[in-house]
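Here are my notes on this one, written as numbered points. Have the viewer open while you read.

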Amino acid sequence: MGAANLLLLLIFLPELTSEQTKVVDCVAQFELANRACTIMHAAKAIHGDRRGRGGEHGHSHGHGEGEGEGEGHHRNRCCRWLKEIDDSCVCSALLRLPISLVKPKHTYTVSVGDHCSTTYECGGL
């Protein structure tokens, strides 16, 4: 897209309110974490679950106990992006649940196996 087209696009786009900007920011945070965690699972599926097969080749690849190519790296990225999600984004998303599932004050924990867990705290309705 040329600079002139980009300038025209910016001129005709409505200005976002702070609430709309927050929603866009939350969507971006969820997307980054989702992408990182999806890649982690895809890499595991492509390379197979190598747990318990470490001695099969008769040598070590230096990936750690039962880890395949890049699994530790992908898991670290997933955990990193989960930690970057703002609590208010998670709490806002949880408020969209049916009223019988919404708690006034609660914590929500996401675990990636035994590697990491991230807790989001919601102050209430």
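1. How many residues lie between strand 1 and strand 2 in the hairpin, and which residue in the turn has a positive phi? Three residues separate the two strands, and Gly 113 is the one, with a phi of about 55°. Keep in mind throughout that this is a predicted model.

2. On the pairing itself: strand 1 (residues 106-112) and strand 2 run antiparallel, joined by seven bridges.

3. Strand 2 (residues 116-122) is two-faced. Cys 116, Thr 118, Tyr 120 and Cys 122 sit on the covered face, while Ser 117, Thr 119 and Glu 121 are on the uncovered one.

4. Thr 118 is worth a click. Its relative accessible area is 8%, so this threonine counts as buried. Beyond its sequence neighbours within four places, Thr 118 contacts Cys 79, Leu 82 and Lys 83, plus Tyr 108, Thr 109 and Val 110.

5. Now the disulfides, of which the whole structure has four. Counting bonded cysteines along the chain, the pattern reads 1-5, 2-3, 4-7, 6-8. Three of them are taken up in the next points.

6. Cys 37 and Cys 78 have their sulfur atoms 1.9 Å apart, and with 85° about the S-S bond the link is right-handed. Cys 37 belongs to helix 2 and Cys 78 to helix 3, so this pair ties together parts 41 residues apart in sequence. Both cysteines are buried.

7. Cys 79 and Cys 116 also form a disulfide, at 1.9 Å between sulfurs. Here the torsion is about -90°, so the link is left-handed. Helix 3 holds Cys 79 and strand 2 holds Cys 116, so parts 37 residues apart in sequence are tied together.

8. Cys 91 and Cys 122 are linked too, with sulfurs 2.0 Å apart and a left-handed -100° about the S-S bond. The pair ties helix 4 to strand 2, 31 residues apart in sequence. Cys 122 is buried at 5% relative accessible area, and Cys 91 is buried at 15%.

9. Last, the largest nonpolar core: 18 residues, with Ala 33, Cys 78, Leu 82, Ile 85, Val 90, Val 112 and Tyr 120 having the most contacts inside it. Helix 2, helix 3, helix 4 and strand 2 each give two or more residues to this core, and helix 2 gives the most, with five.

Note on methods:
Residues are numbered from 1 along each chain as its sequence is written. This is a predicted model: local features need pLDDT of at least 70, side-chain atom pairs count only at pLDDT 80 or more; totals for chains, interfaces and linings use all residues. Side-chain values use heavy atoms; hydrogens and water are left out. Buried means under 20% relative accessible area, exposed over 50%, partly exposed in between (1.4 Å probe, protein chains only). Helices (H or I, at least four residues) and strands (E, at least two) are DSSP runs, numbered from the N terminus. Two strands pair if DSSP finds at least two bridges between them. A nonpolar core is a set of buried Ala, Val, Leu, Ile, Met, Phe, Trp, Tyr and Cys residues joined through side-chain atoms within 4.5 Å. Contact means heavy atoms within 4.5 Å. A disulfide is a pair of cysteine sulfur atoms within 2.5 Å.
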